[in-house]
Amino acid sequence: AANNITNTNELTVNGKLSAKDVTNSGTLTLKNGAELEDIANSGNAYITGKTSAENITNNEGNIFNAEGDVNAQNITNKGDMDIYGNTETELLITNSGSLDVTGSVTGKDFTNTGSASVGEELTLTGNLNNTNSLTVNGLANLHDVTNSGTLTLKDDADIHNLTNENTVLISGNADANNIINNKQMSVDGNLSVAVDVKNTDTLTVKKDLNVAGNITTSKTLDVTGSVSAANLTNEGSVSVGGTLTASGDVSNTNTITVVGKVIVEDVTNSGILTFGNGAEINDFVNNGSAYITGSTIANNITNNEEKIFNITGDVIAQNINNKGDMDITGNAAAEVLILNSAALDVTGTLTTVDFTNNGIANISENLISTGILNNTDVLTVEGQAGLNDVTNSGTLTLKNGADIHDLTNDNIVKITGNANTNNVVNNKQMTVEGSLASTGNVINKDELTVTNNLTTDGSITNTKTLNAGGSVSTIDFTNSGN
């Protein structure tokens, strides 16, 4: 055993070296391990066997090779350090040169400003600060990570907090508490985050992204699999290859594309939304362009002025409020109200309780309204109309017959086919290209034309022009017109 050793030339020890401090500026060869307090190398150091020390320092341009495990409180490498074994530090690893460890590395803090490679696992309980290049070939169990260089993790990673300012590449699955990505981050497996993800540049996940908290992204988020979160706020571009699930809200001001199904609470869109396999949403407010393929189930759907809302599939909602351009290629059902004040096109059947149309609406198949239909502009139904109470002050065209409880017309009604009603009050122009049958009364105050039969179980009152091409059958007929 020795107290202090200083070598400036060549020193070879065939047995184990036990010493306090070792200072080397020559060539030091230890063939059976070493137990030291401090070793400072400014030359070439070669150690075979286990090395234990408090502080290991390898200075600039110098070689430190250890063929065996290394245990230390602190390791500082400024030169070329190769460890062919496992490394364990109690406090800090500082690397500004080239550090290669073929085994695992376990420690508290790791500051890397050089090039570092770990052949097996990297386990840290403190801080990892990487400003240059760090590659881990095995599992990475890390606490707080700040990266402004290139961090390559070739297996699974478990990270408490990650802040990335440059490049992070993870080949396996990744678990984290919080992620802040300000540059480029890629995960080839699943990414699971216990709290939040904030992305200001490019985040790519090749499998699923599961976040218990919020996702906030302002540039590019590309997920090949599915995405789940509490809330998603997007100001950039989001692409999801699977499903999108959020227990809270989705807010979009730029572009979101989802190939799979969307199951979220509320959606507010002022950008471009594309959902490829249907959606289940509480409230949907569209201030941009929304395109949904597949069935859509919602509580309230609002499409605002001059905005585009296209659905290729069936729609079920409590309320639909369209102030822009809404196209539904399928059937639509509203359990309470449809309000249209712009352009509404439905290629299938529209079923609702109440329907207020203050714009232009076209229904390619049937229209069923069990409440009140109020039309003030243009409403065209290609199929059959099954309606309760109708008030019309616009142009109402029913092209395949109609069953109506009570009809009040203050402008134009044209029905092709037979019309069955309870009561009719016509104050302007009404044409039925077929027969008109009423279980109640017919009151005409302007122009009523029926090409076939006119039948009522109550009375007919005419004060202007009434034309019937077939027979007229009623209980009472009061005429003061033509």
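This report describes salt bridges, surface patches and several individual residues in a predicted model.

Residues are numbered from 1 along each chain as its sequence is written, and side-chain values use heavy atoms, with hydrogens and water left out. Because the model is predicted, local features need pLDDT of at least 70 and side-chain atom pairs count only at pLDDT 80 or more, whereas totals for chains, interfaces and linings use all residues.

## Salt bridges

Side chains of opposite charge can pair when their charged atoms come close. A salt bridge is taken here as a side-chain nitrogen of Lys or Arg within 4 Å of a carboxyl oxygen of Asp or Glu, and by this rule the count comes to seven salt bridges. The table sets out some of them, including the pair of glutamate 35 and lysine 16.

| Pair | Closest N and O atoms |
|---|---|
| Glutamate 35 and lysine 16 | 2.7 Å |
| Lysine 206 and aspartate 188 | 3.7 Å |
| Lysine 464 and aspartate 446 | 3.7 Å |

Glutamate 35 forms a salt bridge with lysine 16; glutamate 35 lies in strand S5 and lysine 16 in the loop between strand S2 (10-13) and strand S3 (17-24), so the pair ties together parts that are 19 residues apart in sequence. For accessibility, buried means under 20% relative accessible area, exposed means over 50%, and partly exposed lies in between (1.4 Å probe, protein chains only). Glutamate 35 is partly exposed, since its relative accessible area is 43%, and lysine 16 is partly exposed as well, with a value of 45%.

Lysine 206 forms a salt bridge with aspartate 188, and this pair links distant parts of the chain, 18 residues apart, with lysine 206 in the loop between strand S28 (202-205) and strand S29 (209-211) and aspartate 188 in the loop between strand S25 (184-187) and strand S26 (191-193). Lysine 206 is partly exposed at 41% relative accessibility, and aspartate 188 is partly exposed at 33%.

Lysine 464 forms a salt bridge with aspartate 446, and here too the pair links distant parts of the chain, 18 residues apart, with lysine 464 in the loop between strand S63 (459-462) and strand S64 (465-468) and aspartate 446 in the loop between strand S60 (442-444) and strand S61 (447-450). Lysine 464 counts as partly exposed, because its relative accessible area is 41%, whereas aspartate 446 counts as buried, because its relative accessibility is 17%.

## Surface patches

Patches are made of residues with over 30% relative accessible area and no salt bridge, like charges being joined within 9 Å and nonpolar side chains (Val, Leu, Ile, Met, Phe, Trp, Tyr) within 5 Å. Glu37, Glu54, Glu88 and Glu90 gather in a patch of negative charge on the surface. Of these residues, glutamate 37 lies in the loop between strand S5 (34-35) and strand S6 (38-41), and it is partly exposed at 32% relative accessibility.

A nonpolar patch on the surface is formed by Ile272, Tyr291 and Ile308, which together have about 220 Å² of accessible area, as given by the Shrake-Rupley method with a 1.4 Å probe. Isoleucine 272 belongs to strand S40 (residues 272-275) and is partly exposed, with 40% relative accessibility.

Contact means heavy atoms within 4.5 Å, and the contacts below leave aside residues up to four places away in sequence. Phenylalanine 309, in strand S44 (residues 308-312), is buried, with a relative accessible area of 0%. Phenylalanine 309 touches Phe284, Asn286, Ala290, Ile292, Ile301, Asn303, Asp325, Met326 and Asp327.

Threonine 87, in strand S12 (residues 87-95), is buried at 4% relative accessibility and touches Val70, Ile75, Val101, Ser104, Val105 and Thr106. Threonine 152, in strand S21 (residues 150-153), is buried with a relative accessible area of 14% and is in contact with Leu134, Thr135, Val136 and Leu169.

Most residues other than glycine have a negative phi. Glutamate 306, although it is not a glycine, has a positive phi of about 60°; this glutamate 306 lies in the loop between strand S43 (296-303) and S44 and is exposed, with a relative accessible area of 78%.

Terms used. Lys and Arg count as positive and Asp and Glu as negative; His and the chain ends are not counted. The place of a charge is taken as NZ of Lys, CZ of Arg, CG of Asp or CD of Glu. Helices (H or I, at least four residues) and strands (E, at least two) are DSSP runs, numbered from the N terminus.
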